[in-house]
Amino acid sequence: MIGAVNVDVPTLVEQAREGRPRAVARLISLVEGASPQLREVMALLAPLTGNAYVVGLTGSPGVGKSTSTSALVAAYRRAGKRVGVLAVDPSSPFSGGALLGDRVRMSEHASDPGVYIRSMATRGHLGGLAWAAPQAIRVLDAAGCDIVLVETVGVGQSEVEIASQADTSVVLLAPGMGDGIQAAKAGILEIGDVYVVNKADRDGADATARELNHMLALGESRGPGDWRPPIVKTVAARGEGIDEVVEALEKHRAWMDEHGVLNERRRSRAAHEVETIAVTALRERIGDLRGDQRLDALAERIVAGELDPYTAADTLVEGVTAGA
Ligand SMILES: Nc1nc2c(ncn2[C@@H]2O[C@H](COP(=O)(O)OP(=O)(O)O)[C@@H](O)[C@H]2O)c(=O)[nH]1
Ligand SMILES: [Mg+2]
C-alpha cells in the first residue's frame with residue numbers, strides 16, 4: 001500500500017516542481033493510492049498550479065484517442081511546450097500499468113524529459129474519476145506542464161465527467177465504429193468544444209462528418225460571439241490533420257479567455273472537486289459506522305416505528321460531521 005508508507009512530502013513536491021519525473025510519478029501514485037498524505041501534497045501544490053491548459057479527449061474505445069494524443073504530444077513538443085498525458089481508465093482494475101497498449105504507443109515520447117505520461121486506473125475509488133483525475137492534473141500542472149492531455153475511455157458518465165474537468169473537451173469519432181452518431185450518443189453533442197473525425201483514410205469519414213455537422217446544427221441555439229465547435233478530420237496514425245486540431249484548440253482557448261469562460265470553467269471544476277471530496281469523506285465516515293452501535297440503534301428505532309429514516313439520516317450525518 002502506497003498510502004501506508006510515509007514519504008517526505010515537501011521534498012517530493014520540491015523535486016516535482018523542478019520537473020523530476022520520479023517525483024511526479026510518486027505524487028501521482030499518492031493520488032492513485034488515495035494516500036492520507038494527499039492533504040499535505042495538495043496544500044503544498046496549490047500555489048504552484050493554474051498554469052496548465054487541460055485538454056480532455058474522449059470517444060469510444062478504438063476511435064484513435066491514444067494515437068491522437070501521441071500525435072498531439074509530438075506537435076506540442078515541436079512548439080517547445082512541456083506536456084503531461086494522463087490516460088484514465090475508469091474500468092481498469094490495474095493501477096499504474098493500465099492501458100499497456102497506450103504505453104507502447106507512447107513509447108516514442110518515453111525518453112523525452114519534456115513529457116510526462118501516466119496511466120491511471122480509478123476503479124475502486126469511492127469518488128472515481130471525478131476524485132482522482134483533478135488531483136493528478138494538479139501534480140502535472142505544478143510540475144510545469146504547459147498542456148495536460150487527459151485521455152478517457154468514453155463510457156457513459158465518464159464522458160461527462162471528463163468534460164467537466166477539462167478546459168477544452170475534444171470528442172473523437174471514427175467511421176465504421178458502429179456507433180454512428182445515434183441518439184444514444186447525443187450526450188457527446190453537449191460536451192465537445194472540438195470534434196475530431198479520425199480515420200479519415202477510411203470510407204465513410206465524410207459521411208460521419210456530415211452527420212455530425214447536421215446533428216450539431218440541429219441542437220444549435222447559438223448567438224453571435226458564441227463558440228461553434230469545429231469538426232476536424234484527421235488520420236492520427238499518420239499525423240495528418242493534427243496541426244489543425246492544435247489550431248482549433250488554440251482558437252477555443254483564445255475564445256474562452258476573451259469571454260471569461262476559462263475562469264468560469266475552472267471555478268465550477270474546483271467547486272465540483274470540493275463537493276466530491278466532501279461527499280467521499282462523508283460516505284467513508286458513514287461506511288465506517290457499518291456495524292457500529294449508533295447506526296444499529298437508529299435502525300432498530302426505525303423498525304420499531306419510533307423514528308423515520310430521514311430524521312435518522314440527519315442524526316447520522318450530524319454525528320459523523322461532528323467528528324464523533
Ligand atoms: N486507419 C486508421 N487507423 C487508425 C488511425 N488512428 C488510429 N488508428 C488505429 O486504430 C486503433 C485504435 O487506436 P487507439 O489510438 O488505441 O484508440 P483508442 O482506444 O481510442 O485510444 C489502432 O490500431 C490504431 O493504429 C487512423 O487515422 N487511421
Ligand atoms: Mg487509448
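The following passage describes the overall fold, the magnesium site and helix α10 of a predicted model. Residues are numbered from 1 along each chain as its sequence is written, and chains are lettered from A and ligands numbered from 1 in the order in which they are written. In this predicted model, local features require pLDDT of at least 70 and side-chain atom pairs pLDDT 80 or more, whereas totals for chains, interfaces and linings use all residues; side-chain values rest on heavy atoms, with hydrogens and water left out.

The protein contains 13 helices and seven strands (DSSP runs of H or I, at least four residues, and of E, at least two, numbered from the N terminus). Of its 324 residues, 47% are buried (under 20% relative accessible area, 1.4 Å probe, protein chains only). Among contacts (heavy atoms within 4.5 Å) with a separation of 6 or more, 76% involve residues 24 or more positions apart.

The magnesium ion (ligand 2) has Ser-66 (OG) and Glu-151 (OE) as its protein donors, 2.2 Å from the ion (N, O and S atoms within 2.8 Å of the metal, or 3.2 Å for Na, K and Ca; water is not among the atoms, so sites may look incomplete). Ser-66 belongs to helix α4 (residues 65-78) and Glu-151 to strand β4 (residues 147-153), so the pair ties together parts 85 residues apart in sequence. Ser-66 is buried, at 5% relative accessible area, as is Glu-151, at 6%.

Just after α10, Gly-260 adopts a positive phi of about 70°.

Conventions: Buried means under 20% relative accessible area, exposed over 50%, partly exposed in between (1.4 Å probe, protein chains only). The expected span of a helix is 1.5 Å times one less than its number of residues.
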